[in-house]
Amino acid sequence: MAVPHTMPKRSVQAVAAVAAAALALTACSIFGDGGTDASTNSGSGDESAAQILRTTWPNPESLDPHVITNGIWIDQQGLFEGLVVQNADGSDVEPGMAAEWNVSEDGTVWTFQLRGDAAWSNGEPVTAADFVWTYERLLTPGGSAAGTTTGANSYQTALGIVNASEFLAGSVTDFSEVGIEATAEHELVFTLEAPNPGFLLGLTHPSMLPLHPATLEEFPQEWTEPENWVSNGPFVLDEWQRNVEMTLVPNENYWDGENVHLDEVEIQLFASGEPVSPVAYDNDEVDLMQLVGEDVFSYVDNPEFTDQIRAVEQRNITYLALLRSTNPVLEDVRVREALSLALGREIVAGLQPGVAVARSLVPEYLGAEHGLGQDEDIARAQELLADAGYPDGEGFPELMLLTEAPRPELDVAVDQWGEHLGISARVNNVERGVYVEERWSVQESPGFYSGGFITRANWNDAINTIFNPRTMEEFSLPAEVWEEYQEVQADEDLDPGERESQLRALRDEHASAGAQEFTALAAEGSSQPDLEAATGYFVDAAEVRDDLYLYLPVTLIDANYLVRPGVEGLNLRGTPDVYYFKGVSITGE
């Protein structure tokens, strides 16, 4: 039975130096003496013992679901609940705040009936008006356009809601013209631009989670502090010791409390790119954690952990994305193709279990049957480089590969390009904040930045979410135009509508022909009545996009997790949030 949530503990502001000092004082324990003793968690056999799940997660910059950060996935895992939630394997949806829904015959109008017993953690009812207020906040023009990278607005344009993108851009200023309406206290209606087979799954994105209007109006900057926290999910935020730990406890007003079994969730936070050592698992300090790098070999091949390793198809595409540079060498598509054909993907894939070659920006499970993708070809790469005026790399400038963490694919690329193409490259590993800023800046050195993205298994997302039409047009802009484009983006004197008009004009005039062809094919596919009719257009669009070589796909990565015996009801999914805390229990085995 869940322990009711009473008064939250005060949030503690922690700095990295304090965390480092704490680690130095603990000889064998990663998290020190304050962690949960294993005897009270899964090893005591005492049925009355508290059920506490101990896990890890990258440090969240924020818990605001309207801004892309690591925190939006914690929101999704259990703090908030949307209209619908994902099923066990992430392939479909189940009821959440909505008890039922229907769609019009033409597939463009979706009507959701909210459950009457849905409540916020403060006991107030969840209403359709709360969702409308939340979505107006999500779509109100601000400093960031919709996207998939850290700091971007989290709205997913692939949802295709009438005038949603236009309102966010500022070209539509009356929210009543957006296809979102509360038609009754517990009835919410969406109107789409065209039928969208991926719409229901799209609603499970954190951006579509509801927020409590009164709390955000009273505490516009501090609403994510534990003492101010109000949410509608199975758990609430009880403590947040920044950079160190976060604690969740059950929401006593959650509509489905009988399926909330955990008394507490302890989340050990770590810096992005610096995951927690599995020593924490060996010391019985965490019950659930992802293995990365060389640790995968150590545990997957160890018979002691055979029953504790859970693999999940993560659908994580790693890639190299073009950096804008005052040096125009990479503006020649032949050069970018040559670099892609000599990247050394097979070598990278052999470095760790669960890693496969990515031959296209569309994952193999979608694109393979349509012949998408290109195998590496050293001879062809050398021919293309010579045609571009750089035989054997003569006269070619040094490339920079920007990253926020050590990545083996970058070292492999440096070696392969040097050996086979005569091109020198260096890895520039910088702090995360610098990385986020520098990847959008115009650099002196030509090169790429490294990235990764987890995509869902449907064509609409594969074309219209990551590597979407607007993104591809922007990445195809010459460096000098990109600088002008950024100036327009940052011009606070422009009203949102005029700003978007100027940005659109720059893309129309300067985006490459290939990027514009991709945009047209994606739009044609998105306007089709069903996924079957749309797929042909999406396949053609994907092929055009791959041939731009603005993004070089590198690998597809599965994920391996250590899960302690006794953790039951955990459904790992190949989605960014990975799992829900609801339904998980500790059996004491």
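**Entry 1: the hairpin**

I started at W101, which stands opposite F112 in β5. This is a predicted model, where local features need pLDDT of at least 70, side-chain atom pairs count only at pLDDT 80 or more, and totals for chains, interfaces and linings use all residues. Residues are numbered from 1 along each chain as its sequence is written, and side-chain values use heavy atoms, with hydrogens and water left out.

For my own reference, helices (H or I, at least four residues) and strands (E, at least two) are DSSP runs numbered from the N terminus. Two strands pair if DSSP finds at least two bridges between them.

I then looked up how β4 (residues 98–103) and β5 (residues 109–114) are joined: they run antiparallel, with 5 bridges. They form a hairpin with 5 residues between them. In the turn, G107 has a positive phi of about 75°.

**Entry 2: the sheet**

In what order do the strands of the open sheet come? I read β4-β5-β7-β6, 4 strands with antiparallel pairing. The edge strands are β4 and β6 (180–184), and each of them pairs on one side only. From one strand to the next, the twist averages 20°; angles here run from 0 to 180 degrees between N-to-C directions, and axes are lines fitted to C-alpha atoms, for helices over the stretch in contact.

Next I followed β5 to its other partner, β7 (residues 187–191), and found 5 bridges and an antiparallel run. V109 stands opposite T191 in β7, and W110 stands opposite F190 in β7. Helix α3 (residues 128–139) packs on the sheet and touches β5, β6 and β7. The direction of α3 makes about 165° with that of β6.

**Entry 3: two residues by the sheet**

I picked E181, which has its place in strand β6. Is E181 buried, partly exposed or exposed? E181 counts as partly exposed because its relative accessibility is 48%; buried means under 20% relative accessible area, exposed over 50%, and partly exposed in between (1.4 Å probe, protein chains only). Not counting residues up to four places away in sequence, E181 touches V132, E187, L188 and V189, where contact means heavy atoms within 4.5 Å. I also checked E181 against A129, 52 residues apart along the chain: their C-alpha atoms are separated by 8.2 Å.

My other pick was A119, in the loop between β5 and α3. A119 counts as buried, at 12% relative accessibility. Leaving aside neighbours within four places in sequence, A119 is in contact with E124, P125, V126, N232 and N253. A119 and N253 are 134 residues apart along the chain, and their C-alpha atoms are separated by 6.1 Å.

**Entry 4: an enclosed helix**

How many residues of helix α2 (residues 71–79) are buried? I found 9 of the 9, so α2 is largely enclosed by the rest of the structure. Among them are W73, D75, Q76 and Q77. The buried residues of α2 pack against β1 (52–58), β2 (84–86), β8 (235–241), β9 (245–250) and β10 (264–270).

**Entry 5: helix pairs**

I looked up α9 (residues 333–341) against α12 (residues 378–387): their axes come within 8 Å and cross at roughly 155°. That makes α9 roughly antiparallel to α12; angles under 35 degrees count as roughly parallel, over 145 as roughly antiparallel, 65 to 115 as roughly perpendicular and the rest as oblique. The crossing of α9 and α12 is left-handed, meaning that the near helix is turned anticlockwise from the far one by less than a right angle. R334, V335, E337, A338 and L341 in α9 meet α12 residues including I378, A381 and L384.

Then I turned to α17 (residues 479–490) and α18 (residues 496–510), which pack at an angle of about 170° with their axes 9 Å apart. That makes α17 roughly antiparallel to α18, and their crossing is left-handed. The contact involves V481, E484, Y485, V488 and Q489 of α17, with L503, L506 and H510 among the residues on α18.

**Entry 6: the length of α20**

Last, I checked whether α20 (residues 531–546) spans what it should. The expected span is 1.5 Å times one less than the number of residues. At 1.5 Å a residue, the 16 residues of α20 should span 22 Å, and the end C-alpha atoms are 21 Å apart, which agrees. Buried residues in α20 include F538, V539, V544 and R545. The buried residues of α20 pack against α15 (459–464), α16 (469–475) and α19 (513–526).
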